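Take a look at the model below. We will walk through it step by step, starting with a term you will need.

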Amino acid sequence: MIKLDHVTKAYNNSHVKALDDVCLEINEGEFVFIVGDSGAGKSTIFKLLTKELEPSEGEIYIAGQPLSKVRHRRVPALRRQIGVVFQDFRLLEDRNVYDNIAFAQRAISVPASQIKKNVTEMLTLCGISEKYRFLPKQLSGGEQQRVAVARALVNQPKILLADEPTGNLDAENARAIMDLLERINERGTTVVVVTHNQEVVRSMKKRVINIKKGVIVNDIPEGGRLA
Ligand code: ADP
């Protein structure tokens, strides 16, 4: 589903390689953590996957498609295959929960009747149905992150990328968000989570890719033991 083939990324203004000859494959339906210190190259990987950045060397494939061959006008279609969730939720503060999720569907001109059905389904899946009329500021952090997950998924992407999704949450809400991501994964979406939260990583027992200074130093399979 995701493949990095000898990918190197050097930013123009830096002599340090943010990624150095990285080879990585993530299969369809996998749940993977990417861990590593600040500056290790985790965000760079995400930006390469969504074609916000181009690699300096190597090729990236999403669902078999080499990203170097994706033309500018096809980039929005590529990004629709990938839902993204951030640490700071990034909801539209002046719109309620329903409209935050529906917004993603309106952006791709889904008919109104279909939007209602899809948004309702996402509200239920993410456990926020009762608060569909609330504004983000009327929700707890955990609830806001559920809305962000619902929004990322409503267009049915094949891949969900989550960048520190529990970074602003207490332990209980972090657990609930990880449970939600696990359920989403069980429905068939490939899930990739960047996190610093060792507790979360340890408890989930999923594949863990450890990256350090732009190099993968460790790739522990699901159920494997952490060092
Ligand atoms: P992480 O997400 O793991 O914290 P990043 O991918 O953001 O790491 O950064 C990897 C390396 O690339 C770091 O050394 C960082 O300083 C560098 N880097 C990131 N973004 C830029 C940029 N826009 N210009 C120059 N260097 C950058």
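Contact means heavy atoms within 4.5 Å. This is a predicted model: local features need pLDDT of at least 70, side-chain atom pairs count only at pLDDT 80 or more, and totals for chains, interfaces and linings use all residues. Residues are numbered from 1 along each chain as its sequence is written, and side-chain values use heavy atoms, with hydrogens and water left out.

Begin with Thr44. Thr44 sits in helix 1. Helices (H or I, at least four residues) and strands (E, at least two) are DSSP runs, numbered from the N terminus. Leaving aside neighbours within four places in sequence, Thr44 touches Lys9, Tyr11, Ala18, Leu19 and Leu53. Is Thr44 buried or exposed? Buried means under 20% relative accessible area, exposed over 50%, and partly exposed in between (1.4 Å probe, protein chains only). Thr44 has a relative accessible area of 7%, so it is buried.

Two strands pair if DSSP finds at least two bridges between them.

Look at strand 8 next. Strand 7 pairs with strand 8 in the parallel sense over 5 bridges. Strand 3 and strand 8 also pair in the parallel sense, over 4 bridges. Val193 in strand 8 is the bridge partner of Phe33, and Val193 is the bridge partner of Ala162 as well. Why is strand 8 largely enclosed by the rest of the structure? Because 5 of its 5 residues are buried. Thr190, Val192 and Val194 cover one side, with Val191 and Val193 on the other.

Axes are lines fitted to C-alpha atoms, for helices over the stretch in contact, and angles run from 0 to 180 degrees between N-to-C directions.

Finally, see how two helices pack. Helix 5 (residues 141-153) and helix 6 (residues 171-186) meet at an angle of about 20 degrees, with axes 10 Å apart. That makes helix 5 roughly parallel to helix 6. Angles under 35 degrees count as roughly parallel, over 145 as roughly antiparallel, 65 to 115 as roughly perpendicular and the rest as oblique. Among the residues that meet are Val149 in helix 5 and Leu180 in helix 6.
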